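Dear colleague,

Please find below the structure that I am handing over to you. My notes on what was found in it follow directly after.

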Amino acid sequence: MAEKVVIIGSGPAGWTAAIYAARANLEPLVYEGAIIEENRLQGTLPLGQLALTTEVENYPGFPSGKSREFLKSALPEERQPYWVQDNKEQPSHGVNGPELMELMRQQAVNFGTRIVTDDIVKVDFSRQPFVLTAREGQTVEALAVIVATGARANYLGLPSEDKYKNNGVSACAVCDGALPRFRNKPVIVIGGGDSAVEEATYLSKFASTVHLVHRRDRLRASKIMQQRALENPKIKIQWNRGLDEVLGTDKDGVTGVRLKSTVDKQTETLDATGVFLAIGHTPNTKFLAGQLQLDDKGYIVWTKPARTWTSVEGVFAAGDVADSYYRQAVTAAGTGCMSALDAERWLAEHGHL
Ligand code: NAP
């Protein structure tokens with residue numbers, strides 16, 4: 001028998017959709033992604049991008065405090081963060097990314113969500129019920145589908161960049177910028193678009209200097225953002241340069257960078273405690289090949305304003321996979337909620353409920 005609704009993806013959009021769908025008795029089935037090396041390397045393991053971050057200070061409802069007892073009581077033992085079990089003094093914090101995702105996942109489970117730890121690698125939206133194929137070849141039929149597979153930050157692919165991820169290398173200044181290691185220290189931002197300028201501007205509140213490294217002699221960012229960067233005394237633009245190597249030690253993480261001129265290939269080193277990549281994101285939509293309308297960057301197109309509808313009736317999209325603009329946990333959760341409500345209404349209108 002076909003599932004009423006299958007949710008693909010396990011970030012804030014996917015779990016919020018599952019919580020709403022489960023509470024509406026839609027008995028959602030979530031494909032949370034496979035735990036495999038390929039997904040680890042490209043940042044698409046279960047629980048999404050937030051699982052790759054540290055503190056989350058801007059998700060409403062989690063002010064700084066001591067959360068050990070709450071996490072202990074809310075999560076089954078095997079899914080608790082390791083530190084919940086040890087007896088060390090607990091740092092006072094709100095919530096970190098992995099904890100937030102575990103809590104959302106558990107909330108969905110508590111209302112009866114079923115979970116498969118696998119990827120959907122192929123879809124057939126040309127027939128109803130829709131047919132989804134998992135990595136191992138199993139198929140599942142679904143009356144409605146919510147795609148919430150998110151996006152992944154682009155990295156340059158340098159081994160040194162990979163080595164210092166979470167130890168000075170980040171692709172999210174808003175997530176990590178306020179950490180003590182970046183305070184009053186020079187940091188590097190790579191990129192020349194709006195995100196790079198936004199990240200540089202944000203980081204300038206904490207860092208002593210922000211070196212904005214761009215491969216050309218002109219920023220891609222909008223005029224107003226360019227002006228913001230040029231007028232900020234803490235932002236130094238390093239024109240016509242690329243990141244050649246992240247420098248660091250096992251003990252201290254990132255300590256600097258080697259930059260290479262894109263004009264004459266000359267290299268130079270700069271001290272820095274952080275390297276922030278802002279060279280764009282890639283939506284996780286490859287498996288949709290030709291089945292849904294995507295924009296020129298591969299993001300799913302929402303076909304009606306203020307709805308999560310896609311180009312195929314009965315298929316809905318939520319979170320970063322359809323949003324290249326806001327890309328926040330709370331906005332993803334918001335559209336996740338909308339997608340479940342949209343799916344429920346669509347199922348009811350088509351006589352499936
Ligand atoms: P983007 O506009 O695609 O810019 C990516 C930047 O990274 C470009 O400057 C590009 O250089 C550089 N880049 C790409 N690949 C690179 C590589 N391999 N090595 C070195 N540099 C590389 O992406 P975005 O800045 O994330 O913005 C995405 C969208 O969100 C845009 O539409 C943007 O307007 C919007 N956005 C808006 C705001 C805002 O208004 N506040 C904030 C953030 C994002 P080139 O310029 O040489 O191609």
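**Helix packing**

H1 and H5 are roughly parallel to each other, a term that applies to angles under 35 degrees, whereas angles over 145 count as roughly antiparallel, 65 to 115 as roughly perpendicular and the rest as oblique. Helix H1 covers residues 12-23 and helix H5 covers residues 97-110; their axes are 8 Å apart and the packing angle is about 25°. Axes are lines fitted to C-alpha atoms, for helices over the stretch in contact, and angles run from 0 to 180 degrees between N-to-C directions. Helices (H or I, at least four residues) and strands (E, at least two) are DSSP runs, numbered from the N terminus. H1 passes H5 in a left-handed crossing, in which the near helix is turned anticlockwise from the far one by less than a right angle.

Please note that this is a predicted model, in which local features need pLDDT of at least 70 and side-chain atom pairs count only at pLDDT 80 or more, while totals for chains, interfaces and linings use all residues. Residues are numbered from 1 along each chain as its sequence is written, and side-chain values use heavy atoms, with hydrogens and water left out.

**The ligand**

Polar contacts are pairs of N or O atoms within 3.5 Å. A polar side-chain atom of Arg 216 lies 2.7 Å from an oxygen atom of the ligand, and for Arg 220 the distance from a polar side-chain atom to a ligand oxygen is 2.7 Å. Gly 193 has a backbone N or O atom 3.2 Å from an oxygen atom of the ligand. The protein buries 74% of the 920 Å² that the ligand exposes when taken alone (Shrake-Rupley method, 1.4 Å probe).

**Backbone features**

The peptide bond from Gln 128 to Pro 129 is cis, with omega near 0°. Pro 129 is found in the loop between strands S6 (120-124) and S7 (130-134).

Yours sincerely

Conventions: A polar contact is a pair of N or O atoms within 3.5 Å; within protein, one must be able to donate a hydrogen and the other to accept it, and residues adjacent in sequence count only if both atoms are side-chain atoms.
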